[in-house]
Amino acid sequence: MLPNEATLEIEQLYREYKPLLASIAYRMLGSMSEAEDAVQDVFVTISKLGTIEMEHPKAYLVKMTTNRVLNMMKAAPRKRETYPGQWLPEPVITMHAQDEPLEQMLRRERLGYAILVLLQNCTPPERAVFVLRESLGYEYADIASMLDKSEAACRKIYSRAAAKVGHSQREEHEAALDASIERFAQSFAEAVDTGQLGSIIHLLTDHAVLLTDGGGVVRSAINPIQGRERIVAFFTGIASKGSLTGRFRHVWISGQRGLLLERADRSALAFIFEPDEDNRAIRSVYMVSNPEKLTRIAE
């Protein structure tokens, strides 16, 4: 293959597979900027080969991306240890359901932002197996080939990851799940707008948890806030200081419904709600206020 032909083919592969590869890397890393770096590194490596002979380009690229991300994740624990307060994944925010290919990919996968948070409790191999299995539906034999492990080992790794994440398939209830999250978001926004924050206590489970991420840039709770009374007290307190003054917008955040609070004189806030198993109440609330993580907002 001539150099120019190889370059054109690489560019075509990049355009075709970038959303998929970036989605896989993002699911594993929780950072879109790092995910894009990983995908870029993969294609730089391919371009240096001078020639590309791929019988199955998708499998080849997914394997290269997964292994590149696993190498990147070796340094992640050191970064997280020095992170001020709670570390939450970087939200990918879009205003409409039909947007960029990447956001469409994230919604199709149905893992959602809450799963991204829980995946942080998993080891790198557990994240890789879980994402490949849940996001792409790969068979264990294919995953084993990509990770150079036995099929039995991959099954065990997946079981450990699923136990940590507490993941259960709810695809048949997708519409109900989306409707529940949207209802929670609407009720939360109305409570803030009307100053009736006490009313959100009925949206929360008894043992609900709030995690906030200000990244040391914006003041936030250093530790998780547990219990619905404490969560209400937290929001009441920051509302009294004007921190919740602004305009709420209902958006898509990393594949699921959420809220974006646009504030005139301050950086935006992103809110994501995780329902309980029956979709009747909120068991986790995630609030991202770190402006460095709120740069990917597509109109």
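# Exercises on a predicted protein model

The secondary structure of the protein chain comprises 11 helices and eight strands. The model is a predicted one. Each exercise below is followed by a worked solution.

## Exercise 1. The chain as a whole

*Solution.* 

Step 1. Contacts in the protein chain with a separation of 6 or more may then be considered: residues 24 or more positions apart account for 67% of them.

## Exercise 2. Strands S1, S4 and S5

State in which sense strand S4 pairs with strand S1 and over how many bridges S4 pairs with strand S5.

*Solution.* 

Step 1. Strand S1 covers residues 93–94 and strand S4 covers residues 247–253; the two pair in the antiparallel sense over two bridges. Within this pairing, Thr94 stands opposite Trp252 in S4.

Step 2. Strand S5, residues 256–262, pairs with S4 in the antiparallel sense over seven bridges. His250 has Leu259 in S5 as its bridge partner.

Step 3. S4 and S5 form a hairpin with two residues between the strands, and Ser254 in this hairpin takes a positive phi near 50°.

Step 4. Glu262 lies in S5 and Arg247 in S4, so the pair ties together parts that are 15 residues apart in sequence. Glu262 is partly exposed, with a relative accessible area of 24%.

## Exercise 3. The surroundings of Arg257

Decide whether Arg257 is buried or exposed, and identify the residue whose side chain is joined to that of Arg257 by a polar contact.

*Solution.* 

Step 1. Arg257 lies in strand S5.

Step 2. The relative accessible area of Arg257 is 16%. The limit for a buried residue is under 20%, so Arg257 counts as buried.

Step 3. The side chain of Arg257 is joined to that of Glu182 by a polar contact of 3.1 Å.

Step 4. With neighbours within four places in sequence left aside, the contacts of Arg257 are Asp178, Ile181, Glu182, His250, Val251 and Trp252. One of these, His250, is the residue that has Leu259 as its bridge partner.

## Exercise 4. Helix H7

Compare the span of helix H7 with the span expected at 1.5 Å a residue, and list the residues of H7 that are buried.

*Solution.* 

Step 1. Helix H7 runs over residues 124–136 and has 13 residues.

Step 2. From its first C-alpha to its last, H7 reaches 17 Å, close to the expected 18 Å.

Step 3. The buried residues in H7 are Glu126, Arg127, Ala128, Val129, Phe130, Val131, Leu132, Glu134 and Ser135.

Step 4. Gly137 follows H7 and has a positive phi, near 70°.

## Exercise 5. Salt bridges across the sequence

State how many salt bridges a search of the whole structure finds, and locate the parts of the chain that the pair Glu36 and Arg296 ties together.

*Solution.* 

Step 1. Side chains of opposite charge can pair when their charged atoms come close. The search of the whole structure finds 14 salt bridges.

Step 2. In the salt bridge between Glu36 and Arg296, the closest N and O atoms are 3.0 Å apart. Glu36 lies in helix H2 (residues 32–49) and Arg296 in the loop between strand S7 (282–288) and strand S8 (297–298), so the pair ties together parts that are 260 residues apart in sequence.

Step 3. Glu36 is partly exposed at a relative accessible area of 28%, and Arg296 is partly exposed at 26%. Glu36, Glu90 and Arg296 are linked in a network of salt bridges.

Step 4. Another salt bridge joins the side chains of Asp148 and Lys63 at 3.8 Å, N to O. This pair links distant parts of the chain, 85 residues apart: Asp148 is in the loop between helix H8 (140–147) and helix H9 (151–165), and Lys63 is in helix H3 (residues 57–73).

Step 5. Asp148 is exposed, with a relative accessible area of 62%, whereas Lys63 counts as partly exposed at 30%.

How values were computed
Residues numbered from 1 in each chain as written. Predicted model: local features only at pLDDT ≥ 70, side-chain atom pairs only at ≥ 80, totals over all residues. Heavy atoms only, no water. Pairing = 2+ DSSP bridges. Helix = DSSP H or I, 4+ residues; strand = E, 2+ residues; numbered from the N terminus. Buried < 20%, exposed > 50% of the residue type's maximum accessible area, 1.4 Å probe, protein only. Polar contact = N/O pair within 3.5 Å; in protein donor to acceptor, adjacent residues only side chain to side chain. Contact = heavy atoms within 4.5 Å. Expected span 1.5 Å × (residues − 1). Salt bridge = Lys/Arg side-chain N within 4 Å of Asp/Glu carboxyl O.
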